[in-house]
Structures are given as structure tokens and as C-alpha cells.
Amino acid sequence: MDGYLQFKGISKQFPGVQALDNISLSVNEGSIHGLVGENGAGKSTLLKILSGAYAPTKGSIFIDGKEIRFKSTKSARDSRVAVIYQELNLVPEMNVAENLLLGHLPAKHGFIQTSVLDNIAARQLALLLEDIDPHTIVKNLPIAQRQMIEIGKALLLNAKIIAFDEPTSSLSEKEKNQLFTIVRNLKKQGCVIIYVSHLLNEIFELCDSVSVFRDGKLIKTFEDIRLVNNDMIVKKMVGRSIVDIYGYKSREQGETVLEVKGLKGPGIQKPVNFSVKSGEVLGFYGLVGAGRSELMRIIYGLSEKESGSIFLNGKEVFIKNPGNALVSGIVLCPEDRMREGIIPVRDVNENINITVRKHFVKFGIFLDQVKERQNATDFIDKLKIKTPSLEQLVRNLSGGNQQKVIIARLLSIETKVIIMDEPTRGIDVGTKSEIYRLIHKLAESGKAIILVSSELPEVLGISDRVIVMRDGQKVTELDHADVTEKKVLHFALPENNKQNRIS
Amino acid sequence: MTEHSSGITAKRSFNIMKILRGFWTNSGIVIVYIVLFILFSLFIPYFFTLRNMIALGLSVSMVSMVACTMLFCLASGDFDLSVESIVAFSGVVAAVVINMSGNVFLGIICGIAGGGLIGLMNGLIIAKIHINALITTLAMAQMVRGFTFIVCGGQARTIGNANFFSLGNGNFFGIPNPILISILCFGVFGILINKTTYGKDSLAIGGNIEAAYLAGINVDRTKVIIFMVQGLMAGFAGVVLASRMTSGQPNAALGFSLDVISACVLGGVSLKGGIAPIKGVIVGVLIMGTVQDAMNLMNIPTFYQYIARGGILLIAVTIDQIKQERLRKST
């Protein structure tokens with residue numbers, strides 16, 4: 001029990017919430033310890049305490065047997081602790097090398113030594129298994145590579161204790177494999193690694209031991225992951241076992257609601273045709289950059305179409321902006337929750353009512369605050385949004401609850417077509433399953449649902465029909481009955497890659 | 001029995017502490033102002049007299065009016081640096097029109113409409129061409145100042161029609177009109193920001209413009225309205241000022257835009273947008289004015305007054321920043 005890194009009796013109290021309750025945890029050198037749990041279970045809070053961003057209310061951290069108190073994130077870095085978050089902290093206008101060494105650029109008499117800089121950067125990129133020119137401007141790189149550079153940046157600090165918070169959520173398959181190789185190398189070098197993920201298969205693939213969090217408590221630590229299976233972990237996570245998180249049932253389908261004909265625009269190479277019926281869940285799958293989100297942005301009026309037309313209940317609609325789309329009854333749950341979804345500094349009530357409130361107004365402009373509160377309260381109940389009050393600022397909610405706030409916003413108005421772009425990204429199993437159930441319920445009530453997702457099991461698990469996209473075009477359409485992972489991947493992967501991917 | 005009741009009192013006193021702490025984090029600046037006001041009343045002769053209170057009210061009335069609309073600009077994450085030029089422009093336009101036509105009402109309307117037109121242009125450039133509000137209004141400030149000099153031929157225009165002066169110099173039950181107008185503005189714009197879609201949409205745009213657009217808010221239209229209303233209000237303030245000074249002054253209100261913005265910031269309005277409490281603006285305006293007034297009563301030379309004013313702004317926002325950071329760490 002005397003590992004290199006030890007948390008002893010850590011508690012963290014926020015106003016009205018016990019975020020962590022007496023957590024004791026020990027991790028050895030040269031091992032990878034997984035942390036799993038639903039959103040709001042306390043994993044991120046523990047990482048923030050490790051990084052020095054929060055001070056624990058009670059308890060302490062021991063490193064190599066010595067008690068350590070971090071006053072700031074800098075003092076944690078000085079103690080060779082690195083925590084790598086999902087969010088990117090890169091300077092988009094600077095190049096890769098500069099970003100990697102930002103804050104400690106090699107300099108002589110105040111002048112940057114470009115050759116030294118390039119050397120270090122090139123070495124680090126090789127370590128990251130990334131084939132990028134160190135002079136590339138960061139904003140020109142795809143998201144997955146930027147994430148890798150973020151990781152490389154943290155590794156350059158020569159940390160002994162490294163924590164990863166959901167590192168793969170925006171990585172492609174290739175980068176994910178690279179990351180796993182890197183993490184295993186770090187393990188071999190004797191680093192202490194903490195790995196937080198919602199994806200249990202990653203935990204099984206990578207970790208030596210795993211701890212399950214629920215409601216701020218450490219429910220169980222499994223010291224040897226070889227002795228556990230998926231069900232045992234999920235059971236501990238949610239306090240019950242989820243037999244089938246997708247809960248797919250075939251259901252009655254009605255008339256065609258949305259029909260897209262020959263649609264082309266930014267990010268779409270070839271005109272796309274498809275249609276969705278009332279009561280149907282239509283899944284869109286493709287690799288990052290395949291054009292799924294771009295297609296949805298055109299339908300929702302976020303980018304301008306070059307050609308083609310959109311029909312709603314047989315009538316052509318002209319959507320130039322999101323306002324038009326909402327009036328026609330098309331809503332979009334955006335891919336990037338933080339950037340395009342929530343208004344972080346405003347409260348739950350306002351965030352839920354932002355779209356619907358203009359239908360409640362009295363005398364043209366005055367808000368009907370009674371109706372708004374009623375609406376927000378209804379959805380908080382219905383979607384089980386965990387918030388201490390309607391006045392809580394949305395930025396203080398967990399990711400899953402923020403997502404539910406956005407869904408509540410969409411469902412507040414009359415809708416025909418609901419587009420969900422990565423609705424469960426970064427969300428725990430329990431909430432995921434709730435969202436799937438909600439999607440089924442909405443479909444049963446006659447809505448047409450479009451689900452865009454990079455999680456293949458999710459697309460297969462809840463869609464009635466799946467459309468696969470690749471390189472900005474629709475490649476195929478498959479029914480629930482004859483769709484398999486292998487088939488979908490066969491269409492989704494680029495031609496030259498297929499041989500070594502699918503065996 | 002005794003144990004039981006003591007338990008309740010303990011709980012209640014804890015709640016009072018909690019309420020007080022909540023009040024401090026949310027309205028600390030109000031408490032600071034009340035303490036400041038009491039101290040000044042006790043230690044500065046003539047401070048707490050009706051005459052001085054009216055003088056104080058008058059001195060902050062211009063800033064008060066324009067701060068009400070600046071609140072919306074800041075709420076939506078933008079600035080307006082052109083208000084100072086609009087104030088001068090509208091005053092001069094009103095003066096010239098009144099002198100030419102002899103019609104006071106027409107002069108007032110032209111002054112206000114002139115301000116509104118400039119605001120509308122600001123809004124259109126910012127919303128439709130997507131030029132940064134800082135640059136747009138800075139450029140506009142210079143151009144409008146130039147127009148102002150051209151309209152009046154480079155000289156202050158004394159107004160001939162005395163009926164016009166009652167707007168800025170008249171009173172109602174002893175309270176000067178500009179003070180009443182300011183109070184009315186605080187009421188109206190307080191309701192607008194908290195109780196209407198216009199106010200909440202402005203806050204949403206400042207809080208996260210992408211999310212607001214995706215949620216169906218007409219971002220462009222809201223921005224245009226915000227800047228147009230700002231222009232109308234600055235125009236109105238300019239007309240009131242001209243009435244008080246009995247002339248249109250092309251040099252009026254230099255540095256006024258930053259006075260307005262600093263008063264708002266002092267009251268806790270976020271420069272990043274999304275957070276804009278009306279009570280903060282009221283207190284911010286009052287703190288600025290009260291300190292100035294107290295320094296005048298104490299005969300502190302102008303040079304030192306500049307230092308004091310800048311210092312207060314810096315200290316106030318520093319305290320607020322520290323408070324916010326502590327809050328962020330504990331939540």
C-alpha cells in the first residue's frame with residue numbers, strides 16, 4: 001500500500017457539494033492506474049488537486065514518502081507532476097516547435113537559438129511518433145495532432161507523475177495507438193501514470209490497476225486488472241449493472257420528414273442525398289474529417305450550401321441561419337459543447353430557456369419568468385439534471401449535466417428533426433445510457449433523429465439505419481439488421497488503409 | 001430541550017454568516033460605497049448637505065445616462081468609444097438647428113437622431129462587416145469629432161432660445177431634471193437588461209457568441225440595436241448637456257467614453273461580456289462621482305485628483321479580481 005504516489009484521506013468540499021470524500025489511493029512506480037466513474041464522480045477534481053489547481057479541504061498527498069503541499073500548478077510542475085487535460089492550451093499562430101517549448105524556449109542573451117529549438121522539437125516529435133515538420137503553424141494541424149503536441153509539451157517537462165484526463169476523446173485511431181505506445185514507454189521508464197477514461201476498453205488495454213469513483217467516493221480499487229471484467233466495473237460505477245446500455249427496440253416509422261437532395265457545400269465533395277422518417281434514428285458514421293459535421297452545419301444554416309435542396313414534410317425549406325432552422329423545426333445539438341453549446345457565465349435557467357423564451361414573452365419583449373422557471377424545472381426533473389438550483393452558473397456543472405442542459409434547450413421548442421452531433425462525447429456510461437433512452441423516447445414520439453458519432457458501437461447500437469461518410473461524401477447506407485462493425489469500417493476507412501486494418 | 005434550541009440558534013447564526021458572505025461576494029462594492037459614504041459624511045464638512053447631494057447628483061448625471069446603454073455594449077462583449085464625440089456632436093447639432101429654425105423641439109429631435117444615426121452606423125459596421133468594436137468606435141469617435149467642428153465652424157454655438165434651457169436646468173420639486181432623467185434611465189434599463197429578451201440576448205452574446213448564434217439568437221440584429229440605442233442615448237445626453245451649458249460646445253466631453261466604461265467596470269461589469277449587473281453600474285457611477293466631490297470639498301488640487309481617480313479604479317478592479325480568483329478556486 002506504500003506506492004510512490006499516495007493520496008491519503010483527501011476530501012474536497014465545494015459550497016453545497018462534497019466533491020471528494022476521504023479518498024485514499026496509492027500508485028506504484030512503473031504502473032498505470034486507471035480512474036473510472038460517471039461524470040461528477042470526482043475523478044477530475046482529484047486530478048485538479050494533484051495538479052495544484054485546487055487545494056484539498058482535508059487530507060494530503062505523499063510523493064516518495066514525503067508529504068507534499070502544492071500552492072499552485074507551478075509548484076506541482078516543479079515537483080515533476082504533469083496533468084494533461086482534454087482542453088488544448090496551444091498558441092494557434094505559433095509553430096509546433098515554439099509551442100512545444102513555450103515558456104522555456106532555449107535562449108542565449110535573450111535571443112532564441114533556433115537550431116537548438118528545432119533539434120529539441122524534432123527529437124520530441126520523433127518520441128511522439130508524429131511525422132510533422134516542427135515549423136508547421138499549429139492552427140493548420142488537425143485536432144488529433146494538436147492533441148499529441150499538447151501531450152508532447154507536458155512530457156518535455158520531464159515529469160515523474162503523469163495524469164491523463166480523457167486523452168483520446170479527439171484522437172483518431174492512429175494517434176490513439178501512438179499514445180498508447182508512448183504511455184507504455186513511460187511506464188517502462190518508471191513513471192507513475194494515472195489514466196482517466198470513460199472508455200473501459202482503453203482501461204483494460206492499458207492499465208495495471210483501476211479505481212472506480214461514484215459520487216465523490218472511491219468505491220473500489222481493483223489492484224490487478226486481469227482479475228476484473230467489464231461488468232464488474234460498470235456495476236461499481238453505476239451501483240447496478242447495465243445489461244444493454246443502448247436498449248435498441250425497433251419501432252413504428254412514419255412519413256419521411258426530412259429529405260436532402262444533392263446537397264453540397266464546404267467540406268462536402270460530392271452531392272449528398274438522404275432522408276429521415278418520423279420515428280427513425282439515422283446514424284452518421286465516419287472518421288474525423290469525413291464531412292459528417294460539415295453536412296449537418298449546412299442543414300442547420302451554419303455554413304452556406306453551394307447546391308442542392310432540403311425538404312421538410314415534402315416542402316422545400318430555405319435555411320440561411322440557425323434561426324431559420326429552428327423556425328422550421330430542425331434543432332442541432334452541437335459537437336463542441338464548450339464552444340458552441342453552453343453560455344458558461346449564465347445560469348441553468350437562462351441556458352435552458354435561451355431559444356424558447358421569445359415564445360413566452362409578454363407585451364413583445366418582457367420575459368415571462370414564471371413560465372421560464374416552470375420550463376426549466378420540468379426539464380431538470382425529466383432529464384435528471386444535477387444542479388443545486390436554477391441560478392447555478394452552467395460552468396459549474398459537470399460535462400454530462402451541461403449536455404443535458406443543451407438537450408433541454410432543444411426540447412423546449414417544437415421540433416421535427418433533432419440533429420445530435422457527438423451527444424455523448426466525454427460523458428460517463430450512466431448518463432450515456434440515459435441519453436440513448438431519451439433518443440429512443442423522442443423517436444417513439446415521432447421525431448426524426450439524426451445521430452452523428454465517432455463512437456462506432458454507439459452508432460450501431462441505437463440507429464435504425466447508418467450512413468457512412470468518407471472524404472466528404474456519402475459512401476453507403478446500411479440497415480440496422482445487416483450492419484456490422486466490420487462492414488462500416490470497410491466503408492469508412494480510406495482505401496489504402498483497409499488491408500492492414502481489417503483482417 | 002435546551003440542547004435542541006441552542007442547536008437551532010447555532011444553525012441560524014451560521015446561515016446569517018452565509019448570507020453576509022454571499023452578499024459580500026456578490027455586492028461587495030455596494031458595501032464599500034456605503035462605508036465610504038458614511039466616512040465622508042462624518043469627516044468632511046458640508047458633504048452630507050442637501051446642496052452638496054444635489055451637486056453630486058448633477059455631476060454624475062451625464063455618466064449615469066450613458067452608462068445605462070454602455071451596460072448593454074459591455075454585456076454583449078463590446079465597447080463604444082464614440083460616445084464622447086456623439087455627446088459633443090448632438091449638442092452642437094441641437095444648438096445649430098435651434099438657432100436656425102427657432103424650434104426647440106426640432107433641435108432636440110435632430111440632436112438625438114444624429115446620435116442614433118452614428119450609433120446605427122457603428123452597429124452595422126460591427127455586426128455586418130465584422131470589424132472589431134474597439135477600432136470601429138475609435139475611428140468613428142475621431143470622424144464625428146471632426147464633423148462636430150465642421151458643423152459649428154470650429155466655435156462654440158451659444159443658443160438663443162431660452163426655452164431650451166429648462167431641459168437641463170429646470171427642476172421638479174427641487175430635484176434638477178438631469179438627476180430625474182438619470183434615475184428614470186436606471187429604472188428603464190435595469191428592467192430591460194433583467195426582464196426582457198433584448199437584455200438576456202445581449203448577455204448571452206457576450207457570454208458565448210457562438211452558442212448564442214446556434215441557439216437561434218439574431219446576433220447581428222441585437223448588436224445593431226445595442227449600438228443604435230447607445231447612440232440615441234449619447235445623443236440625448238449631449239442635448240441635455242448643451243441645455244445645461246446654454247450652448248453647443250465642440251470640445252465637450254473629451255475622455256468621457258472612458259469615464260463611462262470605468263464606472264461600469266468599477267461596478268463589476270465584465271469587460272469580457274456576459275456579466276452586467278445594473279446595481280453595479282449605479283454604484284460604480286456613484287463611487288466615481290462621490291470621490292471626486294469629496295476631493296473638491298477638501299480642496300485637493302486637480303493634479304492629485306487624477307491620480308486618486310486612476311488609483312481607485314485600479315484598486316477596485318484588483319480587489320474584484322482577487323475575489324473572483326478565490327471564488328474560482330473554491331468552486
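The model is predicted: local features need pLDDT of at least 70, side-chain atom pairs count only at pLDDT 80 or more, and totals for chains, interfaces and linings use all residues. Residues are numbered from 1 along each chain as its sequence is written, while chains are lettered from A and ligands numbered from 1 in the order in which they are written.

Start with chain A. An automatic or database assignment sets the domain bounds. Chain A splits into domain 1 (5-238), domain 2 (251-329 + 414-503) and domain 3 (345-413). The centres of domain 2 and domain 3 of chain A lie 26 Å apart, taken over C-alpha atoms. Their contact uses 10 residues from domain 2 of chain A and 7 residues from domain 3 of chain A. Here, two residues are in contact if their C-beta atoms, placed from the backbone, lie within 7 Å. On the domain 2 side there are 4 nonpolar, 3 polar and 3 charged residues. In this scheme Ala, Val, Leu, Ile, Met, Phe, Trp, Tyr, Cys and Pro are nonpolar, Asp, Glu, Lys and Arg are charged, and the others, Gly among them, are polar.

Now look between the chains. Chain A brings 27 residues into contact with 23 residues of chain B. Helices H10 (322-328), H11 (337-341) and H13 (357-360) of chain A each supply at least two residues of the chain A side. Helices (H or I, at least four residues) and strands (E, at least two) are DSSP runs, numbered from the N terminus. The chain A side divides into 16 nonpolar, 4 polar and 7 charged residues.

Move to chain B. Its assignment gives domain 1 (1-34) and domain 2 (44-299). Their centres are 39 Å apart, again over C-alpha atoms.

Next comes a helix pair. How do H2 (residues 50-75) and H11 (residues 256-266) of chain B cross? Their axes come within 9 Å and cross at roughly 70 degrees. Axes are lines fitted to C-alpha atoms, for helices over the stretch in contact, and angles run from 0 to 180 degrees between N-to-C directions. H2(B) and H11(B) are therefore roughly perpendicular (65 to 115 degrees). Residues of H2(B), including B:Val63 and B:Met70, meet residues of H11(B), including B:Ile261 and B:Cys264. This contact holds 10 nonpolar, no polar and 1 charged residue.

Finish at B:Gly154, in the loop between helix H5 (133-152) and strand E1 (157-158) of chain B. Is B:Gly154 buried or exposed? B:Gly154 counts as exposed because it has 9 C-beta neighbours inside 10 Å. The cut-offs are 20 or more for buried, 12 or fewer for exposed, and partly exposed in between, with C-beta atoms placed from the backbone. Not counting residues up to four places away in sequence, B:Gly154 touches B:Phe149 and B:Pro250.

Note on methods. Parallel < 35°, antiparallel > 145°, perpendicular 65-115°, else oblique.
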